[in-house]
Every structure is written in C-alpha cells, then in structure tokens.
Amino acid sequence: MTLEPQHIDEPRAYGRRTFLAVTGVGLSSLVWGQPLWRSLAGLRQPIVNALPPALVPNGWRIYTVASSMPHFDPLTWRLRIDGLVGRPLALSYADLLRLPRAEQVTTFHCVTGWSVKNVHWAGVRFRDLLAGASPAGDASVLTFTSAERPYVDTLTLQQAQLPEVMLAYEMDGKPLRREHGAPVRVVIPEMYGYKNVKWVEQITLGRVAELGYWEQRGYSTDAWVGSNG
Ligand SMILES: Nc1nc2c(c(=O)[nH]1)N[C@H]1C(S)=C(S)[C@@H](COP(=O)(O)O)O[C@H]1N2
Ligand SMILES: [Mo]
C-alpha cells in the first residue's frame, strides 16, 4: 500500500480549523495549538490516501502511526491481561466471544474535529473482561498496548467502567475491519478518538498512567469530548 505524503496534511488542517470555528475554543487554542498542529501534520492516513473514499464509508478516517497495519490470525491471536492481577490471562478470540456480549450505538469524535454518528458497536464491558484475571485491589490504571507499535494509551479503571465503554469486536454488525483495529479496539465515546486504541493485544493493570502516544505529543491524558484535548 503506497503512501502519498503530499495529501496527508491538508485534510487534518481543514478538520482542525473547522472544529475550532464550530466550538469557539479557537482563540485560547491559538496560543498553545501551534506545536500540536505541527505534530498532528505528521499523522499518517494510509487507507484514506490509498483507497477510494467509497471504501472508507460514513466519514471515518483511518489513522495509523506505523507503516503497516497488524494482521489478525484468529487461530494464534491472544489478548494478554497482566500486571496487578491475581491471574494473568491470555484470551483467544473464541474466549473473548464467549464473554458476555454488550452492544451500544454511540458517536465517535476525533480531536481534530471529525465525528461519526450512530456507530453500532458490539464487544465486552471491561468489568466482564477483567473479572477472570482477578484485578488487585490497588490496581487503578489500564494500559492498552497496540500491536501497532508504539501506539499505547491508558484509562483509569473508573473511566473504563463508565457506561458505554467497551473493548469492541464488531462495528455496524460485522467483525471489526482490519483498518479499524481488528480484532479488538477500545471504545470510549466520552473521550476523543486517540483514547480508542486499535489492535489492542495487551491490557496491563497498574497504578501509574504512562503517557499515551498522542499525549507524549501534547494532548491531554483526560481526553473528554468537549475539552481542548
Ligand atoms: N493503534 C492505533 N490506534 C489508534 C490510532 C492509531 O493511529 N493507531 N489513532 C487514534 C485516533 S487519533 C483516532 S481519531 C481513531 C481513529 O479510528 P479509525 O482509524 O478507526 O477511524 O483511532 C485511534 N486509535
Ligand atoms: Mo484522532
């Protein structure tokens, strides 16, 4: 799949400006927004740039930080749950599908200004996902490691247990597509897209939140939609 770098910057720049105009947070953001703006321009969108828009429907934009997307093999894939747990787990895809299934219809917001309304997700609530690992009483942070290195981000255990937060394995009635993070991604509609880690392969329980990929590049660890991000 070829990247066409000359097309990468403009859509993001447009999205950010529109967002600032619409929300009215533009003025205060102007002061601190510039360096962020530059780091954002480096974000790659290989699918958007490589496939006709018709193949990325409903207003999604596909974001990656590495030059290729992870492959999912249902036979060998494992989701590791480790850290401050009584019983570390390595769940297969079949194990995951056997856990209680949850569904929701929620809107997805990227901090750069684009949104996708009424996304139908199915997956597992974190309470159900973590129960088998017996989380320690002092565990307070979940660190999500993506198979797409070095993408990582965190949620507090409390945030992960808000309503409408899940580890999703279906989008709009079909198994999560490769470009959306197959087989599983975080979905937390209350927070900006960068918290919605794709291609999750490890969840580590701990007490300290390391900075996520975009947080190391200037975005807020508390990524509530409506904040400056
Ligand atoms: N592994 C990984 N997860 C990621 C990202 C990424 O680049 N790599 N980008 C994040 C950002 S900024 C957004 S807005 C959403 C975009 O989701 P989509 O690519 O399914 O549209 O994924 C988030 N999760
Ligand atoms: Mo994003």
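Biologist: What makes the pair formed by N196 and ligand 1 a polar contact?

Modeller: In this predicted model, a nitrogen atom of ligand 1 is 3.1 Å from a polar backbone atom of N196. A polar contact is a pair of N or O atoms within 3.5 Å, so this pair counts as one. R185 uses its side chain instead, with an N or O atom 2.7 Å from a ligand oxygen.

Biologist: How much of the area of ligand 1 does the protein bury?

Modeller: Taken alone, the ligand exposes 540 Å², and the protein buries 99% of that.

Biologist: Which residues are closest to ligand 1, and how many surround it?

Modeller: The shell has 20 residues, and the closest are R61, E148, H180, R185 and K198. By class, the shell divides into 11 nonpolar, five polar and four charged residues.

Biologist: Why is V56 called buried?

Modeller: The relative accessible area of V56 is 11%. Buried means under 20%, so V56 is buried. V56 sits in the loop between α3 (46-50) and β1 (79-83). Its C-alpha atom is separated by 9.3 Å from that of E179, although the two residues are 123 apart along the chain.

Biologist: How do you know that T154 is buried?

Modeller: T154 has 2% relative accessibility, and the limit for buried is under 20%, so T154 qualifies. T154 belongs to strand β6 (residues 152-156). Leaving aside neighbours within four places in sequence, T154 is in contact with V141, L142, T143, F144, K195, A209, E210 and T221.

Biologist: What share of the protein chain counts as buried?

Modeller: Of its 229 residues, 48% count as buried. The chain has six helices and 10 strands. It exposes about 11000 Å², of which carbon and sulfur atoms supply 57%.

Biologist: Which residues have the most contacts inside the largest nonpolar core?

Modeller: They are L79, L96, W121, F126 and L129, in a core of 55 residues. Strand β7 (residues 166-171) gives the largest share of this core, five residues. As for L96, its contacts beyond four places in sequence are W77, L79, L91, V124, L129, L167, Y169 and V184.

Biologist: Why is N118 called exposed?

Modeller: Exposed means over 50% relative accessible area, and N118 has 56%, so N118 is exposed.

Biologist: Why does D172 count as partly exposed?

Modeller: D172 has 34% relative accessibility. That value is not under 20%, so D172 is not buried, and not over 50%, so D172 is not exposed; partly exposed covers what is in between. D172 lies in the loop between β7 and β8. D172 also has a positive phi, of about 50 degrees, although it is not a glycine.

Biologist: Which form does the peptide bond from R149 to P150 take, cis or trans?

Modeller: That bond is cis, with omega near 0 degrees. P150 is found in the loop between β5 (141-146) and β6. The bond from A182 to P183 is cis too, with omega near 5 degrees. P183 lies in the loop between β8 (174-175) and β9 (185-187). Most peptide bonds are trans.

Definitions and conventions: Residues numbered from 1 in each chain as written. Chains lettered and ligands numbered in written order. Predicted model: local features only at pLDDT ≥ 70, side-chain atom pairs only at ≥ 80, totals over all residues. Heavy atoms only, no water. Near = heavy atom within 4 Å. Polar contact = N/O pair within 3.5 Å; in protein donor to acceptor, adjacent residues only side chain to side chain. Areas by Shrake-Rupley, 256 points an atom, 1.4 Å probe, with all protein chains shown as cover. Nonpolar A, V, L, I, M, F, W, Y, C, P; charged D, E, K, R; others polar. Helix = DSSP H or I, 4+ residues; strand = E, 2+ residues; numbered from the N terminus. Buried < 20%, exposed > 50% of the residue type's maximum accessible area, 1.4 Å probe, protein only. Core = buried A, V, L, I, M, F, W, Y, C linked by side-chain atoms within 4.5 Å. Contact = heavy atoms within 4.5 Å.
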